[in-house]
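Dear colleague,

Please read them with the model open beside you.

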Amino acid sequence: MERIIETERLYLRKLMLKDASSIFKMNNNPNSSTHEDYISFKNIKETEIFIELHINNKVSNITKWAVCGKRQGEFLGLCTLQYNQAEDQTIIEYQFSEKYWNKGFATEATKGVITYAFNALRIQDVYAYIDKGNKSAIKVALKAGLTF
């Protein structure tokens, strides 16, 4: 398992089919479904298909990574870089299982992805689109160095 990005407490890697159960639970938590393009899966099989699309790079404008804790390798959430060709923008998204909220993991992962985007991918700008009612996501973006 290749670690693409590493931070102090986390590593980011490609998605794997073994992530299906964790992603299914995370995405079906009603406390997590706060943005309009939120994906909810009906079952584990739908989740596996979603993962396979990303593993096989069928969604070529999106890079989606599993965020894992270094100590035990547990799945904490997802970080995504997506290129929006119509707007000529690279967009970052992050989503974490509720039990990992308010521990700084989202900020740490987001900072790692932004650094990777600038240094390894040579992306000039990274954007986040956040519902103005999602105060936690706004805090993460600001702590990670994004500005309005």
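Val67 stands opposite Gly77 in β4, and the pairing around them belongs to strands β3 (residues 62-69) and β4 (residues 75-84), which run antiparallel and are joined by seven bridges. This is a predicted model, in which local features need pLDDT of at least 70 and side-chain atom pairs count only at pLDDT 80 or more, while totals for chains, interfaces and linings use all residues. Residues are numbered from 1 along each chain as its sequence is written, and side-chain values use heavy atoms, with hydrogens and water left out.

The sheet is open and holds five strands in the order β1-β2-β3-β4-β5, with antiparallel pairing (strands are DSSP runs of E, at least two residues, and helices runs of H or I, at least four, numbered from the N terminus; two strands pair if DSSP finds at least two bridges between them). Because β1 (3-6) and β5 (89-96) stand at the edges with a single partner strand each, one side of each has no neighbour in the sheet.

Leaving aside neighbours within four places in sequence, Val113 is in contact (heavy atoms within 4.5 Å) with Ile5, Leu12, Trp65, Cys79, Leu81 and Ile92.

Best regards
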